[in-house]
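Here is a short note to read beside the model. Please keep the 3D view open while you go through the points.

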Amino acid sequence: MRALHVPAAGEQPQLSDLPTPTPTEGTVLIRVKAAGLNPIDNAVAAGMLAQWGLPHEYPVVLGRDAAGIVAAVGAGVDHVKVGDEVFGHVLLAPPISAGTLAEYALLPAAAVTLKPAALDFTTAAALPLAGASAVQLIEAIDPQQGQTVLVNGASGGVGSFVVQLLAARGVKVIATGKAADAARLTELGAAQVIDYTTGPVAEQVRAATPDGVDALINLHGMDPAGVPVGAVRSGGKVASVAAMPDEATLSAAGLTGTAVMSRPVREVLAPLAEQAAAGTLKIMVSDVLPLEQAASGLGRLATGGAGGKLVVTI
């Protein structure tokens with residue numbers, strides 16, 4: 001099978017042939033029709049997860065999200081069968097090796113669910129990691145109807161889901177983005193869009209909402225000092241899949257915080273897919289690329305030039 005993979009530690013990703021995986025107990029082999037790109041893919045390619053102590057087994061195939069057709073199932077898998085149209089995610093578990101930017105991908109059964117007929121493969125492939133991250137970030141802050149939540153870095157894939165899911169709860173959403181993102185974020189449900197290029201976000205939020213927001217969801221940056229915690233009122237909550245201030249900083253501001261590690265299991269994915277199929281949740285795919293251009297797509301993600309979900313079709 002063709003696959004975009006890292007042949008050995010420290011090497012650059014390349015597209016070439018690898019053996020097709022064989023299903024093992026509790027896994028599902030799918031013929032990949034589409035694979036979603038995520039920032040974590042660049043972290044895997046750069047060896048960052050190895051630096052964090054997660055063992056790798058080379059070659060490492062890149063990609064975590066996929067939609068396709070079940071080609072085979074391992075022992076103990078009974079919720080999907082050969083020929084089913086499915087989508088899912090390769091959960092982060094050692095050793096890091098399997099991926100979805102390939103003609104075939106081996107996924108853990110716990111993270112594979114049936115694809116609704118109304119959802120095409122490309123759209124479904126954009127959902128797993130970003131959608132599950134949004135759900136779990138919102139669970140971490142537990143917002144109530146009528147509260148105000150700041151979504152920092154709302155213009156990407158995760159942000160598009162967070163904004164919609166918060167708005168559906170009756171939460172007032174203040175989203176950050178560039179001027180070009182304002183119309184799209186407003187359409188998704190943001191009550192106000194702050195252009196982070198025109199000045200410090202916390203100051204702009206406080207100017208519009210002097211008492212501060214009830215919670216902050218941070219989706220941007222790796223520098224904790226750049227997280228606009230000053231926008232949050234004392235007693236508020238912070239949740240992040242990116243940079244997160246330390247406990248002392250949060251405590252000094254009277255805040256509590258949760259660093260979220262997304263887990264896109266099928267119990268989380270299936271309801272999101274049903275909402276998308278019903279048209280109540282929009283999946284924003286900004287571009288679709290062939291497998292031959294997957295590496296350039298990852299480059300666009302790394303520079304922040306995607307502006308939504310990128311999906312590779314295979």
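How do the residues of the lining of the second largest pocket divide into nonpolar, polar and charged? Point 3 gives the answer.

1. Basis. This is a predicted model, where local features need pLDDT of at least 70 and side-chain atom pairs count only at pLDDT 80 or more, while totals for chains, interfaces and linings use all residues. Residues are numbered from 1 along each chain as its sequence is written, and side-chain values use heavy atoms, with hydrogens and water left out.

2. Overall form. The protein chain has 10 helices and 16 strands. These are DSSP runs numbered from the N terminus: helices are H or I with at least four residues, strands are E with at least two. The C-alpha atoms fill a box of roughly 60 × 45 × 35 Å along the principal axes. Buried residues (under 20% relative accessible area, 1.4 Å probe, protein chains only) make up 51% of the 314 residues.

3. The second largest pocket. A pocket is an open set of points on a 1 Å grid over the protein atoms alone, where a 1.4 Å probe fits, with protein on both sides within 12 Å along at least five of seven lines; lining residues have an atom within 4 Å of a point. This one holds about 510 Å³ of space, a volume filled by probe spheres set on the points, which are joined across faces, edges and corners. Its lining has 25 residues, and Pro21, Ser97, Ala98, Gly99 and Leu106 are the closest to its centre. The lining divides into 19 nonpolar, 4 polar and 2 charged residues. Here Ala, Val, Leu, Ile, Met, Phe, Trp, Tyr, Cys and Pro count as nonpolar, Asp, Glu, Lys and Arg as charged, and the others, Gly among them, as polar. Strand E7 gives the most to the lining, with 5 residues.

4. Cores. A nonpolar core is a set of buried Ala, Val, Leu, Ile, Met, Phe, Trp, Tyr and Cys residues joined through side-chain atoms within 4.5 Å. In the largest, of 47 residues, Val149, Val151, Val163, Leu166 and Ile217 touch the most other members. Helix H4 supplies the largest share, 7 residues. Another core lies apart from it, with 33 residues, including Leu37 and Ile96.

5. Backbone checks. Most peptide bonds are trans. The bond from Tyr58 to Pro59 is cis, with omega near 0°. Another cis bond joins Pro94 and Pro95, with omega about -5°. Pro95 sits in the loop between strand E6 (85-89) and strand E7 (104-108).

Terms used
Buried means under 20% relative accessible area, exposed over 50%, partly exposed in between (1.4 Å probe, protein chains only).
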